[in-house]
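Hi everyone, thanks for coming along.

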Amino acid sequence: MNTVDINCDLGESYGVYQMASDEAILPLITSANIACGFHAGDPATMRQTVQQALEHQVAIGAHPGLPDLQGFGRRRLDITPREAYDMVVYQMGALDAFVRSYGGSMHHVKPHGALYNMAAEDDRLAEGIVEAIYKVQPELYLYGLAGSALIQAADRIGLRSVSEVFADRTYGPDGTLTPRSQPGAVIQQTEQALVQVMRMVKEGNVVSTEGTLIPIKAETLCIHGDGAHALAFAQEIRALLESEGITLSAPGIAR
């Protein structure tokens, strides 16, 4: 693959709780997933992050999550497909208003945390989410876990999908992300993460926690903006990809 998108979850500050790296990370990525107030973020943070993303010509996506500020949207909640639909519509609308107020347009939607992982495995939840996107803005892209129910649901309804891989997460033998509650779910060593990135992007596979090779489609690469070394990690990944002659661009946007 000669072109790949680098996306990052941003705008996750809330009140006095501030993520320090957002503005510095924006020049290093090609698309941003901005929290919409349910799992993180607040109106002022949304406005500021949208403004900065537009200034850096970074594609903007809504990052809807479960209504769980204390758990950062990473705890699973028992919700119906209709509730998932309503949550996504609501949060898309909030972010889109800020984007439009600055003369921009939204590019994609990427569910957050537990909502993302639940929909990756549950066909009905996935359908609720993609239906919400399709009915509100059918021209948007859906970012979803490569090979997951989210990607399949988007393809069925006619919504453009982008297969996502993760730089700093490990994979189970079925291609799903190792739950964060389990040891080794997050890759802590930068060199290990960089090796995984190059394998996914250039070879189209990833080594599972059981040592098996899993075919994987890497159209967008997620890095996390809330880690202690998020900025340095973003710098190293971008430098590595560029050194390998890989073009960095959000889907549908020429660079």
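**Charged pairs and what surrounds them**

Let's begin with a pair of side chains: Lys110 and Asp9 meet in a salt bridge, with 3.2 Å from N to O. The two partners come from distant parts of the chain, since Lys110 sits in the loop between β4 and α4 while Asp9 belongs to strand β1, 101 residues apart. Before I go on, please keep in mind that this is a predicted model.

Are Lys110 and Asp9 buried or exposed? Lys110 has a relative accessible area of 2%, so Lys110 is buried. Asp9 has 7%, so Asp9 is buried too.

Next, have a look at Glu121, which forms a salt bridge with Arg76, the closest N and O atoms being 3.5 Å apart. Here again distant parts of the chain are linked: Glu121 is in helix α4, and Arg76 is in the loop between β3 and α3, 45 residues apart. Arg76 counts as partly exposed because its relative accessibility is 49%.

Then there is Glu127, whose salt bridge partner is Arg156, with the closest N and O atoms 3.0 Å apart. This pair connects helix α5, where Glu127 is, to helix α6, where Arg156 is, across 29 residues. Glu127 has 38% relative accessibility, so Glu127 counts as partly exposed.

Which residues do salt bridges with shared partners join into one network? They are Asp9, Lys110 and Glu164. In total, the structure holds 11 salt bridges.

You will find Glu164 in strand β6, residues 160-166. With 0% relative accessibility, Glu164 counts as buried. Leaving out residues up to four places away in sequence, Glu164 touches several others, including Lys110, Tyr116, Tyr171 and Cys222.

Now please move to strand β2, residues 31-35, where we find Ser31. Ser31 is buried, with a relative accessible area of 0%. What does the side chain of Ser31 make a polar contact with? The partner is the side chain of Tyr143, at 3.4 Å. Beyond residues up to four places away in sequence, Ser31 also touches others, among them Asp5, Cys8, His108 and Ala250.

Ala32 is in strand β2 as well. Its relative accessibility is 0%, so Ala32 counts as buried. Among the residues that Ala32 touches, with those up to four places away in sequence set aside, are Leu10, Leu26, Ile60 and His108. For a sense of scale, the C-alpha atoms of Ala32 and Arg160 are 17 Å apart, and 128 residues separate them along the chain.

On to the helices. Helix α5 covers residues 123-136, which is 14 residues, and reaches 20 Å from its first C-alpha to its last, close to the 20 Å expected at 1.5 Å a residue. The N-terminal end of α5 is capped by Asp122, with a side-chain oxygen 2.9 Å from the backbone nitrogen of Arg124.

Which residues of α5 are buried? They are Leu125, Ala126, Gly128, Ile129, Val130, Ala132 and Ile133. These buried residues pack against α3, β4, α4, β5 and α6.

In α6, the buried residues are Ala149, Leu150, Ile151, Ala153 and Ala154. Their cover includes α4, α5, β5 and β6. After α6 comes Gly158, with a positive phi near 95 degrees.

**Backbone angles and the surface**

Speaking of positive phi, Gln57 has one of about 55 degrees although it is not a glycine. Gln57 lies in the loop between α2 and β3, and with a relative accessible area of 60% Gln57 is exposed. Phe72, also not a glycine, has a positive phi of about 55 degrees. Phe72 is in the loop between β3 and α3, and at 15% relative accessibility Phe72 counts as buried.

Last stop: the surface. Tyr14, Val16, Tyr17 and Leu69 make a nonpolar surface patch of about 460 Å². Val16 lies in the loop between β1 and α1, and Val16 is exposed, with a relative accessible area of 72%.

Conventions. Residues are numbered from 1 along each chain as its sequence is written. This is a predicted model: local features need pLDDT of at least 70, side-chain atom pairs count only at pLDDT 80 or more; totals for chains, interfaces and linings use all residues. Side-chain values use heavy atoms; hydrogens and water are left out. Helices (H or I, at least four residues) and strands (E, at least two) are DSSP runs, numbered from the N terminus. Buried means under 20% relative accessible area, exposed over 50%, partly exposed in between (1.4 Å probe, protein chains only). Contact means heavy atoms within 4.5 Å. Patches are made of residues with over 30% relative accessible area and no salt bridge: like charges are joined within 9 Å, nonpolar side chains (Val, Leu, Ile, Met, Phe, Trp, Tyr) within 5 Å. Accessible areas come from the Shrake-Rupley method with a 1.4 Å probe; for residues, only the protein chains shown count as cover. A salt bridge is a side-chain nitrogen of Lys or Arg within 4 Å of a carboxyl oxygen of Asp or Glu. The expected span of a helix is 1.5 Å times one less than its number of residues. A polar contact is a pair of N or O atoms within 3.5 Å; within protein, one must be able to donate a hydrogen and the other to accept it, and residues adjacent in sequence count only if both atoms are side-chain atoms.
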